[in-house]
Amino acid sequence: MNLPLMLLQQATETPSDVASRAAAAAGSSPVFWGILIGYFVVVLGFGSYFAKFNRSTADFFFGGRRFSWWLITMSIVATGVGSHSFVKYSAKSFENGFSGTMAYMNDWFFMPLFIFGWLPIVYYMKVRSIPEYFERRFNPFVRALATIVQLVYMLGYVGIGFLTMARTLQPIVGGALGWSLMDIIWVVAVVAGVYITFGGQTAVIFTDLLQGFILVFAGIMLFLLGLHWFGGFEAFWHALPPEFKLPLATFNDDPSFNFVGIFWQDAVAGSIAFLFMSQGLIMRFMACRSVDHGRKAAAFNVLFALPVSAVAVCCAGWIGRGMVNVEPGLLPESVEPDTVFVMVAQLLSSTAGFGFFVAAVTAALMSSVDTYINACAAIVINDIYKPIADWRGKSFNDKHYLRAAMMISALGTVTGVAAAWMFSKFDDLYTAHAFFQSTISPPLVACIFLGIFWRRFNSAGAVATFAGGVLLIIIGRTWPVEIIGLFSHGIPLPEGDQAPYTYIGALYNLVACFGIGIVVSLLTKPSANKLEGLTLWTISYARRFFKGGEPNDRPGFTLVATWEIDASLPEGTVQVDAEGLHHLAADEGDLVYICDRRWWLGGLRSAHAKLQGVHGLGETVVLSTEIAATGHFLEGRMVNVEKEF
Amino acid sequence: MKACTPTASAELILCGHLADYNRITKRRYDVAPMDLPFDRVWLPFIYLYGVGGIFFLFGIFLVLKSGALDLKRRTHRRWLGVLIFGYFWYFAIHGLGTLAAINL
């Protein structure tokens, strides 16, 4: 349908009618379907191609710990931008202006503790899951609690992701094909499920790389189209009132969107939860080739990728607000905020362009859901299946666990679909999941945070934080005015039925959970657990644990060499000549990283190994059979060899 | 989209030449300057980088005190620089964004 006709019809229709009709028009276009199907085919192709890189559970869950920082950064962008982000942040930005970006722009304050605390702890101590950390730091009971909490949270998130995306797509494909909500969910679940099940973390990282580019490009393209519509940046800028352009919200005036509440809910609680508690994110950092690359990925993501993502997901709201001010007939003041993204995208783009934006929303969903399904499988294998096998005295090899991980990934996808179906049928269940998540997250956050940074925090404190924290949070919810009101910073109570203190409640939750954990730990005996490498204060042990010996930090150079296999070398080892050893400033037993020289592979063909003796073959690195297979090196290709420590 | 020769502003819009319409009419939508109070403009900024800054400094203090960030190592010194840069990077983004909003 062309724009003039659409504009004329708008005069008699509600904004949501216009959005639905515009979306349905796109759904009947072959160009639109070409783009969407092409996108699905590429994603499935990625999954089947990367399946060959999975030889062990370490590959399946952690991508063999081999990838470069830039690959991880871009995949984290895709994971962080969920299916709801375009709709939600466009709506928030339409209502509140540039301050809609706050959630994306306040994550730096906890970076010192993340990149020098939590990241080296999980990487060097080879912590495979958050619940596993809880057992090593506290006891099996706390691990069991954390396992249940994480699984319920993540499977619920997968279900909500499927449902949100299906609701976004239904007006578009529902009309053209007559598909129901569940039909759409099944199609997307099958596509996502196939590449996750066969491709594991490696497929997740590479598809997320692609999806990250798609969704950032789509958002920025929408912004540029919007600027063109206005006739340039200056016209756009002057279409907006000064208060709308302020990057931070009103301090405490607005009960539904205030700066101080968002600060505590997002910059503090949200940042800690995102950086320290997300199993999917932890696994992504574990897939980095080194801790330093993990640091680079985290820093680059927060410093540069998040601000760009913020513009990508919020700009439809800004453009929409400008349109309301400039041409109220085109986009009326009364437009429903949740429809702004679809309406602006449709108004500014051709059918092909709109197909691309829909692909971006789908990409945003799949890139979040794939991470959580892979993370669920890691927790089921690591924290349920293996402990039960050990308890029953059964011993399985890694191939068995790899097959089990694949089956659990498929099962996790189906469970996510079932959760989506239940959420679509029972609103109460959706509310219950949101309640569960917001009630259980603060105790989990407090436990991890205190566990890492306070040696005195013990098992009794952890259990009390879980049980007492949940209780105090429920009490706070029951009497919000009397209890959370003490922390309200002057935020007024909302009118009508809206729940009070939506955001600032996070401050009370944190105070309650941290408070009870600290008090109980101080009143009980210190933990008898060995804490080496598990807290910030014992971190020096972690590198020794990882290497199995004293680290060698002498500066050396990268060695460029050909490679060959020596079947007599023990598993996990490599050899260089004496000159090469000198060049690397390495000793026997040091860890090295061998990588295909093509940087743009991002470490796809690489492996970690231990130096074992020297040979007399010149500029050649000799690999054990297992290292050659793990690294997927290609015949005739030179490799770089770097000493790690 | 069908080609048409716009003759009036409404037709310019209906023909889909909205950018042309804006450019031709040089229409600006200056909203009357608002006298925004100090606490609306700067209090959130001060709170963000004040209270957030306390968390940030506390984090730096902890990693230094524990030895997790070892200033004897060159790479760690560089990382400390990156961390401090990051704080001021966002400080500048929000600060300049605020100044632009009220002055430009």
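**Notebook: chains A and B**

I looked up the interface and found 58 residues of chain A in contact with 57 residues of chain B, contact meaning heavy atoms within 4.5 Å. I note that this is a predicted model, in which local features need pLDDT of at least 70 and side-chain atom pairs count only at pLDDT 80 or more, whereas totals for chains, interfaces and linings use all residues. Residues are numbered from 1 along each chain as its sequence is written, chains are lettered from A and ligands numbered from 1 in the order in which they are written, and side-chain values use heavy atoms, with hydrogens and water left out.

**Entry: buried area**

I recorded about 5,300 Å² buried between chain A and chain B, with 74% given by carbon and sulfur atoms. Buried area is the accessible area (1.4 Å probe) that two parts lose on being put together, summed over both. A:Trp108, A:Phe109 and A:Phe116 supply 13% of what chain A buries against chain B, more than any other three residues.

I found 2 salt bridges between chain A and chain B; the term denotes a side-chain nitrogen of Lys or Arg within 4 Å of a carboxyl oxygen of Asp or Glu. A:Asp292 and B:Arg78 meet in a salt bridge through their side chains, at 4.0 Å from N to O.

I then asked which element gives the most to the side of chain A that touches chain B. I found that H15(A) does, with 11 residues; helices here are DSSP runs (H or I, at least four residues) and strands likewise (E, at least two), numbered from the N terminus. By class, this side of chain A has 42 nonpolar, 7 polar and 9 charged residues. Ala, Val, Leu, Ile, Met, Phe, Trp, Tyr, Cys and Pro count as nonpolar, Asp, Glu, Lys and Arg as charged, and the others, Gly among them, as polar.

**Entry: within chain A**

I counted 14 salt bridges over all chains. In one, the side chains of A:Arg136 and A:Glu132 meet at 2.7 Å, N to O. Both residues lie in helix H8 (residues 130-137) of chain A, 4 residues apart, about one turn of the helix.
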